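Subject: Structure handover

Hello,

Here is the structure I promised to pass on. Please open it beside this email and follow along.

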Amino acid sequence: ANAGTSTATGPFNAFSIVNDLKTPHAHDFNVSIQQEVAKNNVLTVGYSGQRGGNLLSYRDLNASPLGSVDGVRPYDSVFLYQGAPMFQHVIQLNNDGTSKYDSLQVSYNQRSYYGLDTTTNFTWSKCYDTNSVNRGGQGDYPQANNPYSATDSHGLCDHDVRLNFNSGGVYSVPNFPALGRWMNGWQMTGIFTAISGRPFTAFIG
């Protein structure tokens with residue numbers, strides 16, 4: 001074979017980036033109120049949220065139109081290679097991605113109750129976006145299910161955990177000087193965590 005001769009045959013895959021690709025951004029905001037409900041017992045209730053825009057996403061410019069039965073792609077008759085379609089997938093990187101997170105957060109802290117300190121936290125949240133991998137196929141990057149409409153990929157985030165509860169405490173064992181220093185200054189700790197599962201997409205084949 002001659003040097004520099006390519007034996008590759010189409011159709012090929014191509015990758016592109018929009019001309020005005022922007023830097024993704026996110027805005028965080030929160031508000032909370034706190035009240036001492038008893039001595040050394042504090043209750044905190046708050047709201048925390050985030051809005052993301054210009055997030056990176058991918059779409060196939062050469063995808064077959066939804067509902068088509070012949071599988072003809074937009075560029076099949078535009079770019080030809082040896083009489084056959086040159087491109088199969090033309091992936092475009094763009095800023096179509098958006099995200100939205102809202103949460104109610106409750107925390108209860110108790111201190112110095114006969115040597116016991118405890119903290120209990122509960123979060124009830126929901127996260128939506130348009131560029132999570134769990135809706136983008138079996139690959140490792142988010143790709144729009146419908147390349148003709150970014151909003152059709154709107155759904156739960158990969159990291160959406162609806163319920164998150166945890167409680168922990170530290171108990172300082174009373175000191176007994178008569179037992180010597182090696183038997184004093186001990187503490188016992190415990191942590192309990194319970195969270196709901198994350199969303200996923202099941203595939204066949």
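Start with Phe122, which is found in strand β7. Helices (H or I, at least four residues) and strands (E, at least two) are DSSP runs, numbered from the N terminus. Phe122 is partly exposed, with a relative accessible area of 31%. Here buried means under 20% relative accessible area, exposed means over 50%, and partly exposed lies in between (1.4 Å probe, protein chains only).

Two notes on the source. This is a predicted model, where local features need pLDDT of at least 70, side-chain atom pairs count only at pLDDT 80 or more, and totals for chains, interfaces and linings use all residues. Residues are numbered from 1 along each chain as its sequence is written, and side-chain values use heavy atoms, with hydrogens and water left out.

The nonpolar patch

Phe122 belongs to a nonpolar surface patch of about 560 Å². Strands β7 (116-129) and β9 (163-172) each supply at least two residues of the patch. Patches are made of residues with over 30% relative accessible area and no salt bridge; like charges are joined within 9 Å, nonpolar side chains (Val, Leu, Ile, Met, Phe, Trp, Tyr) within 5 Å. Accessible areas come from the Shrake-Rupley method with a 1.4 Å probe, and for residues only the protein chains shown count as cover.

The strands

Strand β2 (residues 25-38) pairs with strand β3 (residues 41-60) in the antiparallel sense, over 13 bridges. Two strands pair if DSSP finds at least two bridges between them. In this pair, Val31 stands opposite Tyr47 in β3. The hairpin of β2 and β3 has two residues between the strands, and Asn40 takes a positive phi near 65° there. Strand β3 also runs antiparallel to strand β6 (residues 87-113), joined by 17 bridges. Val45 stands opposite Val106 in β6.

The salt bridges

How many salt bridges does the structure hold? There are four. A salt bridge is a side-chain nitrogen of Lys or Arg within 4 Å of a carboxyl oxygen of Asp or Glu.

Arg73 forms one with Asp60, with the closest N and O atoms 3.9 Å apart. This pair links distant parts of the chain: Arg73 sits in the loop between β3 and β4 (80-81), Asp60 in strand β3, 13 residues apart. Both Arg73 and Asp60 are buried.

Arg162 forms another with Asp160, at 3.2 Å between the closest N and O atoms. Arg162 is partly exposed at 26% relative accessibility, whereas Asp160 is buried at 3%.

Lys22 and Asp20 also meet in a salt bridge, at 3.4 Å, N to O.

Best wishes
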